Amino acid sequence: MKFVVLTIFPEMINPFLENGMLRLAVERGIIDARALNIRDYAEGKHRVTDDKPYGGGCGMVMKPEPLSRAIGAASEIAPTARRILLTPQGRPFDQAMAQDFAASDGLIFICGRYEGVDERICQGMVDEEVSIGDYVMTGGELAAMVIVDAVTRLLPGVLGGDESAEKDSFSGGLLEHAHYTRPSVFDGEGVPDVLMSGNHAEIEKWRRETSLIRTFLKRPDLLEQREFSREEKHVLTEWCRRIEDLVG
Ligand code: 4FV
């Protein structure tokens, strides 16, 4: 899978690609990821990439010409890649979008700076606008890295055998169950007996139940559209009964 990140700060992106899971994915040839400096596509000795906004007002806007050339160069590297503009105005990024992107063969990220990019780029050379959250950052680079990370770990061969994306939070629509490791007692706190039982059927049942209850407690919004399984209906009604017993 190809990732091309268009930015005026490639030094933000390269260390990210040279460490951890991303480095492994590159070394295993699972991804081909690089940053292109938009300034390399700007004219003049000062290689200007931004200018003041028509109509006045504060801040600067990224010029269309360097961006257009940079997007052209990226499209030569990844001809079938989707061109993504990172912007607070975009479609909210989530696990489903990560899974959708992981099924494609390439992504080109346009990282804006200042007030944003000239609208003629958005209209003419962008396939999708994506947001990682309802807040304003100084640039799109962090958003591009978030998406590259969340997509790359879904690619076959990236997560080792003992890690699997299947059991991720959100992939089954629920939050993940609690995780424990050695020591068996920490700060006077133990580990749920079932996890020490070696009874894998009981452990998997406990994990399903705690995922459901944690989702109910922390992100009930995730359950609104959910088609509950018979087991999930039983677990939730059992909890309701216990609560009713409590409040009498
Ligand atoms: C952003 C977000 C974001 C806005 C102006 C870059 C900045 C600057 N990108 N999700 N939230 N972008 O704040 O994706 O150009």
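Domain bounds here come from an automatic or database domain assignment. On that basis the protein chain splits into domain 1 (2-154) and domain 2 (185-247), and the C-alpha centres of domain 1 and domain 2 lie 40 Å apart. Before going further, keep in mind that this is a predicted model, where local features need pLDDT of at least 70, side-chain atom pairs count only at pLDDT 80 or more, and totals for chains, interfaces and linings use all residues. Residues are numbered from 1 along each chain as its sequence is written, and side-chain values use heavy atoms, with hydrogens and water left out.

Now for the ligand. Its shell holds 17 residues, and the closest are Arg 113, Ile 132, Gly 133, Tyr 135 and Met 137; a residue is near a molecule if one of its heavy atoms lies within 4 Å of it. By type, the shell divides into nine nonpolar, seven polar and one charged. In that scheme Ala, Val, Leu, Ile, Met, Phe, Trp, Tyr, Cys and Pro count as nonpolar, Asp, Glu, Lys and Arg as charged, and the others, Gly among them, as polar.

The protein covers 95% of the 360 Å² of accessible area that the ligand has on its own, going by the Shrake-Rupley method with a 1.4 Å probe.

Which elements give two or more residues to that shell? They are strand E5 (82-92) and strand E7 (128-131), and E5 gives the most, with three residues. Strands (E, at least two residues) and helices (H or I, at least four) are DSSP runs, numbered from the N terminus.

Arg 47, in the loop between strand E2 (32-37) and strand E3 (50-51), has a positive phi of about 45 degrees although it is not a glycine. Then there is the peptide bond from Arg 182 to Pro 183, which is cis, with omega near 5 degrees. Pro 183 has its place in the loop between helix H6 (141-152) and helix H7 (193-196).
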